[in-house]
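Welcome, and take your time with the picture below.

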Amino acid sequence: MPKKRAVVTHWDLDGLASNVLISRYINPGKQVLSSVTSTFKYLKNVYEEGYDEIWVADLNPQPGELRNYEELFKAMHARGCLVRWLDHHLWPVEVEEAFSKFRDIVSYMNDPSTVAADLVANYLGVVRDRYTNMLIDLAFDDDWFQGRYELTTVYRRVLRFYKWDIRYRALESLMKGDVAPQWLLELYRLEVKNVYENLIREAIARAELVERRGVKILVFQDVDPRVHPGELIHVAEKNGIFSHVYIVRYPRGLSLRSEYIDVSKLALKYGGGGHRRIAGIPGKINLETLLGEIVKSVEESRIRSHYIT
Ligand SMILES: [Mn+2]
């Protein structure tokens, strides 16, 4: 029997690019977009819908859901379902260990030195035509904040501003080979640009600089979820506001950025994750405790590197 294939990816630019590259290659019966925290839910859904070859990209399994994954993988094993997982976020050791127990059905690759779309293209041996390169360039531009294309900003803002209907519409356009769809540019110009830029200005005006033992931490309080944390920090820095660590607090979690410490380690302690320089923590956490840990960790990194302010 031929495999029933499905693909589940993140909804951001890198996720969309990964989804398109995989889908063009495997021609899936279902394409799903997911947030990082809903990854397990959607993986389970497509499995229950009878898909038996499931590709996942640009999403990292949450350590708190390892038990659930193990149960699901056992069920998948019994049904002969395969999972191919390609990601570029840092996976905690316990996640790698749990996944490696199911090597016969789950093959995963995670390489934090690149973006998921690039990883996917390499893994599948996709021909690097103009369109493929464009998708990968956009993914790099967005994830690494290279600031090369105005189009990246349009996608970044629109995808965050709206919910699933718009994200799926963007996926549909990209599947057709339309990298800069007219509807997206119009929507951005008419409904997003001004509101978004006001939200950024407002968040910067309300930011608080915490300074302890020479460690500077800039805290953006209660930020609208539609504002991208990287963009907020980028604008703050352009305005001459620098700090060792940045915290962007949202109603349902927070984002951490730093050039000085490995924030993914801190995030892991609180059930989150990410990259060395950029990480996220879901849910509500005590800011005081986190600030204390950040100060300690910057001080330790100074001792290690004989870093002098
Ligand atoms: Mn992503």
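A word first on how to read the model. The structure is predicted, so to speak of local features a pLDDT of at least 70 is needed, side-chain atom pairs count only at pLDDT 80 or more, and totals for chains, interfaces and linings use all residues. Residues are numbered from 1 along each chain, following the sequence as written.

The protein is divided into domain 1 (5-140) and domain 2 (206-305), with bounds that come from an automatic or database domain assignment. Between the C-alpha centres of domain 1 and domain 2 there are 28 Å. How many residues of domain 1 are in contact with domain 2? Eight residues of domain 1 are in contact with seven residues of domain 2; two residues are in contact if their C-beta atoms, placed from the backbone, lie within 7 Å. On the side of domain 1 that touches domain 2, four residues are nonpolar, four are polar and none is charged. In this sorting, Ala, Val, Leu, Ile, Met, Phe, Trp, Tyr, Cys and Pro count as nonpolar, Asp, Glu, Lys and Arg as charged, and the others, Gly among them, as polar.

Now for the helices. Helices (H or I, at least four residues) and strands (E, at least two) are DSSP runs, numbered from the N terminus. Two packed helices are described by the angle between their axes and the distance between the axes. Axes are lines fitted to C-alpha atoms, for helices over the stretch in contact, and angles run from 0 to 180 degrees between N-to-C directions.

Start with helix α2 (residues 39-48) and helix α3 (residues 66-79), which pack at about 15 degrees with their axes 11 Å apart. This angle makes α2 roughly parallel to α3; angles under 35 degrees count as roughly parallel, over 145 as roughly antiparallel, 65 to 115 as roughly perpendicular and the rest as oblique. The crossing of α2 past α3 is left-handed, a label used if the near helix is turned anticlockwise from the far one by less than a right angle, with right-handed used if clockwise. On the α2 side the contact is made by Phe40, Leu43, Lys44 and Tyr47, and on the α3 side by Asn68, Tyr69, Leu72 and Met76. By class, six residues of this contact between α2 and α3 are nonpolar, one is polar and one is charged.

Lys44 counts as partly exposed because it has 16 C-beta neighbours inside 10 Å; a residue is buried if 20 or more other C-beta atoms lie within 10 Å of its own, exposed if 12 or fewer, and partly exposed in between, with C-beta atoms placed from the backbone. Along the sequence Lys44 is 27 residues apart from Ala17, and their C-alpha atoms are 23 Å apart in space.

Helix α3 also has a partner in helix α4 (residues 93-100): their axes come within 10 Å and cross at roughly 10 degrees. α3 and α4 are therefore roughly parallel to each other, and their crossing is right-handed. Here Leu66, Tyr69 and Glu70 of α3 meet Glu94, Val95 and Ala98 of α4. Four residues of this contact between α3 and α4 are nonpolar, none is polar and two are charged.

Further along, helix α6 (residues 130-143) and helix α7 (residues 150-161) pack at about 70 degrees, their axes 9 Å apart. That angle makes α6 roughly perpendicular to α7, and the crossing of the pair is right-handed. Leu138, Asp141 and Asp142 in α6 meet Leu151, Thr152, Tyr155 and Arg156 in α7. This contact of α6 with α7 has three nonpolar, one polar and three charged residues.

Next, find Tyr196 in helix α9 (residues 182-205). Is Tyr196 buried or exposed? Tyr196 is buried, because 22 other C-beta atoms lie within 10 Å. Neighbours within four places in sequence aside, Tyr196 is in contact with Arg157, Phe161 and Arg226.

Finally, visit two loops. Asn27 sits in the loop between α1 (13-26) and β2 (30-34), and its phi is near 50 degrees, a positive value in a residue other than glycine. Arg213, in the loop between β6 (208-212) and β7 (215-220), has a positive phi of about 45 degrees although it is not a glycine. Asn27 is exposed, with 9 other C-beta atoms within 10 Å, and Arg213 is exposed, with 8.
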